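Thank you all for coming; I would like to take a few minutes to walk through one model. Please have a look at it on the screen before I start.

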Amino acid sequence: MVTEAFALRNHLLSGSDDSIEAMSGRLAMNKCQVTSLIRLSHLALEILGALLAGRHPIELTPTRLLRLSKNLPHDWKEQRRFLGFAA
């Protein structure tokens, strides 16, 4: 999921699609899902590393992570707290 998030963000930034709407239409994906995935590409590096290594809170499932991405704080320390990582 993290890999997909970065791929979508990079594709959008490359200018291949004019908008998230165009990208979601081309990929036959829900616009909200595309947006949620792109938000995940802005996670703190420490959180990304933990997710990729499987060292994340057990309750932080992919479904929950996508749902929480809608309110993801910009501050990396706040992201840790918000997503349930130890302080």
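This is a predicted model: local features need pLDDT of at least 70, side-chain atom pairs count only at pLDDT 80 or more; totals for chains, interfaces and linings use all residues.

Residues are numbered from 1 along each chain as its sequence is written, and side-chain values use heavy atoms, with hydrogens and water left out.

Let me begin with the core. By nonpolar core I mean a set of buried Ala, Val, Leu, Ile, Met, Phe, Trp, Tyr and Cys residues joined through side-chain atoms within 4.5 Å, where buried is under 20% relative accessible area, exposed is over 50%, and partly exposed lies in between, with a 1.4 Å probe and protein chains only. The largest such core has 22 residues, and those with the most contacts inside it are Leu40, Leu43, Ile47, Leu51, Leu60 and Leu83. At least two residues of this core come from each of helix H1 (2–14), helix H3 (31–40), helix H4 (45–53) and helix H5 (62–68); the helices here are DSSP runs (H or I, at least four residues), numbered from the N terminus. In general, nonpolar side chains tend to be buried together in soluble globular proteins.

Which residues does Leu83 contact, leaving aside its neighbours within four places in sequence? Taking contact as heavy atoms within 4.5 Å, they are Leu43, Ile47, Pro57, Leu60, Leu65, Leu68 and Leu72.

Turning to H4, we find Ile47, Leu48, Ala50 and Leu51 buried. These four lie on the same side of H4, because they cover an arc of only 165° around the axis, the arc being that of the directions from the helix axis to the C-beta atoms. Leu45, Glu46 and Leu52, by contrast, are exposed on the other side of H4. The cover over the buried residues of H4 includes H1, H3, H5 and helix H6 (76–83), and after the helix comes Gly54, with a positive phi near 75°.

Not counting residues up to four places away in sequence, Ser36 touches Leu66, Ser69 and Lys70.

Finally, the charged pairs. The structure holds four salt bridges, each defined as a side-chain nitrogen of Lys or Arg within 4 Å of a carboxyl oxygen of Asp or Glu. One of them joins Lys31 to Glu21, with the closest N and O atoms 3.0 Å apart, and it links distant parts of the chain, since Lys31 is in helix H3 and Glu21 in helix H2 (residues 20–27), ten residues apart. Lys31 is partly exposed at 40% relative accessible area, and Glu21 is partly exposed at 43%.

Another pairs Arg80 with Glu46, the closest N and O atoms being 2.7 Å apart; here Arg80 lies in helix H6 and Glu46 in helix H4, 34 residues apart. Within H6 itself, Glu78 and Arg81 meet in a salt bridge of 3.0 Å, N to O, and these two residues are three apart, about one turn of the helix. Of this pair, Glu78 is partly exposed at 34%, whereas Arg81 is exposed at 54%.
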